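This report describes part of a protein chain for a reader who has its sequence and model at hand. Please consult both while reading.

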Amino acid sequence: MSSPAATELECIVIYWLGEMIMLPKSFLFKGNGGGVLQGTTCEAILCTLAAARDQMLNRYGSEKMEKLVVYGFDQTHSALQKAVQIAGIHTKNFQAIKTMKSNSFGLCPNSLRDAVHADVKAGLVPLFLCTTVGTTSTNAIDPIGPLCEVAKDFNI
Ligand SMILES: Cc1ncc(COP(=O)(O)O)c(C=O)c1O
């Protein structure tokens, strides 16, 4: 809105970059994907969380704000918890799901499903899941595909 020409240029450059690193078409603007440049990972997490929050509140009403739940795991970078606080999500609604050495500290889809299920039963609204490919402390890699299936089932 504030600078359409710069935004256009940013979109084009991001598209070039996506092609250069051979991302699948679905990640690119021409395939309903696309992205923007952010200064840091912390900033990127906060922006995506704020966008998800606003989309959910527009859909279900602002009175749901206190019910929104964000999921990470015990290996997630502290950037997520920081974003949760800045985005005004109740800190008690930040769920750091436990991981196990037997799963190489990746987030187990069944653990996520159990946690989300319990929250829905308690009247909470699952909002956002942060997964990681290569955590800072243990280099854990989350099984993104199966986790996305759980997220889809609960409209996260
Ligand atoms: C997995 C992960 N997430 C988030 C961050 C935070 O990154 P930034 O300092 O770019 O905000 C880091 C930084 O090391 C990281 O390793």
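Ala-52 lies in helix α2 (residues 41–60); helices (H or I, at least four residues) and strands (E, at least two) are DSSP runs, numbered from the N terminus. This is a predicted model, in which local features need pLDDT of at least 70 and side-chain atom pairs count only at pLDDT 80 or more, while totals for chains, interfaces and linings use all residues. Residues are numbered from 1 along each chain as its sequence is written, and side-chain values use heavy atoms, with hydrogens and water left out.

Leaving aside residues up to four places away in sequence, Ala-52 touches Leu-127 and Phe-128, where contact means heavy atoms within 4.5 Å.

## Strand β1

Strand β1 covers residues 68–73, and six of its six residues are buried, so the strand is largely enclosed by the rest of the structure. Buried means under 20% relative accessible area, exposed over 50%, and partly exposed in between (1.4 Å probe, protein chains only).

In a regular strand the side chains alternate between the two faces of the sheet. Leu-68, Val-70 and Gly-72 point one way from β1, and Val-69, Tyr-71 and Phe-73 point the other way.

## Partners of β1

Two strands pair if DSSP finds at least two bridges between them. Four bridges join β1 to the parallel strand β3 (residues 125–129), and Leu-68 stands opposite Val-125 there. Four bridges also join β1 to the parallel strand β2 (residues 94–97), with Val-70 opposite Phe-94.
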